[in-house]
Amino acid sequence: LPMLQYARSKPRQHESVWQRLRRAVGVKAPSSDWVAADAVNLPLASGSVQLVFSNLMLQWCLPPDKVLAEVSRVLAPDGLFLFSTFGPTTLQELRAAWAMVDDQPHVNNFIDIHDLGSAMTRAGLAEPVLDLDRLVFDYAATRDLLDELKDLGAGNSLRDRRRGLTGKNRLATMISIYRDRYANRATWEVIY
């Protein structure tokens with residue numbers, strides 16, 4: 001909701017991408033562009049949506065079956081579902097560095113492209129076409145990666161994660177391992 005409130009507060013100086021898409025495909029604009037809802041319980045009529053676009057949300061809904069079923073429900077028969085999400089090699093270096101420090105999970109799990117395709121088929125989404133890119137980014141320091149993850153709001157959402165503080169010594173050990181073994185590089189596997 002805060003993201004929608006922020007977006008709503010910004011005056012539109014140009015025609016929005018949604019307005020251009022609607023005009024291009026001849027879709028009547030809904031009464032509101034702003035909907036905050038649970039992804040597994042969308043307040044939209046079945047078959048009422050021409051386009052569902054999801055950017056980096058599916059990885060928070062594992063397994064994705066309920067979300068995909070809901071997307072399938074709201075899509076019109078000729079509707080289109082476009083998305084991006086992260087695959088399992090995302091942050092593999094960070095996961096490995098933490099594994100050398102303790103046996104606690106510190107990095108979220110991400111769904112494999114094949115499992116995602118199967119889930120889409122189970123949800124009734126016709127002809128899923130999936131692709132992926134593996135991007136490797138260099139960071140000046142491990143702390144820069146950790147700060148970026150924090151700024152993105154990409155915290156550890158695993159149920160079996162440690163609930164208390166990590167501790168300075170364990171964090172320092174992980175940072176040292178990450179720097180020495182992985183040269184502050186991070187892999188991001190993006191599935192489309």
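**Figure 1. Confidence along the predicted chain.** pLDDT is the predictor's confidence in each residue, on a scale from 0 to 100. This is a predicted model, in which local features need pLDDT of at least 70 and side-chain atom pairs count only at pLDDT 80 or more, while totals for chains, interfaces and linings use all residues. Residues are numbered from 1 along each chain as its sequence is written, and side-chain values use heavy atoms, with hydrogens and water left out. The chain averages a pLDDT of 85. A score of at least 70 is reached by 80% of the residues. Helices (H or I, at least four residues) and strands (E, at least two) are DSSP runs, numbered from the N terminus. Among the elements, helix α2 (residues 17-25) has the lowest mean pLDDT, 63. Helix α3 (residues 65-74) has the highest, 97. Where pLDDT is low, the predicted coordinates should not be read in detail.

**Figure 2. Helix α4 against helix α7.** The axes of α4 (residues 92-99) and α7 (residues 168-182) come within 9 Å and cross at roughly 130°. Axes are lines fitted to C-alpha atoms, for helices over the stretch in contact, and angles run from 0 to 180 degrees between N-to-C directions. By angle, under 35 degrees counts as roughly parallel, over 145 as roughly antiparallel, 65 to 115 as roughly perpendicular and the rest as oblique. On the α4 side, E93, L94, A96, A97 and W98 make the contact (heavy atoms within 4.5 Å). Their partners on α7 are R170, L171, M174, I177, Y178 and Y182. By class, this contact has nine nonpolar, no polar and two charged residues. Ala, Val, Leu, Ile, Met, Phe, Trp, Tyr, Cys and Pro count as nonpolar, Asp, Glu, Lys and Arg as charged, and the others, Gly among them, as polar.

**Figure 3. Helix α6 against helix α7.** The axes of α6 (residues 142-152) and α7 come within 9 Å, crossing at roughly 115°. The two helices are therefore roughly perpendicular to each other. T142, R143, L145 and L146 of α6 meet L171, M174, I175, Y178 and R179 of α7. Six nonpolar, one polar and two charged residues form this contact.

**Figure 4. The four-stranded sheet.** The open sheet has the order β1-β2-β4-β3, with mixed pairing. Two strands pair if DSSP finds at least two bridges between them. β1 (49-55) and β3 (132-138) are the edge strands, each pairing on one side only. Neighbouring strands are turned by 10° against each other on average, direction ignored. β1 and β2 (residues 75-86) run parallel, joined by six bridges. N55 stands opposite S84 in β2. Helix α3 lies across β1 and β2, running at about 150° to β2.

**Figure 5. Two loop details.** The peptide bond from L62 to P63 is cis, with omega near -5°. P63 sits in the loop between β1 and α3. L91 lies in the loop between β2 and α4. Although not a glycine, L91 has a positive phi of about 60°.
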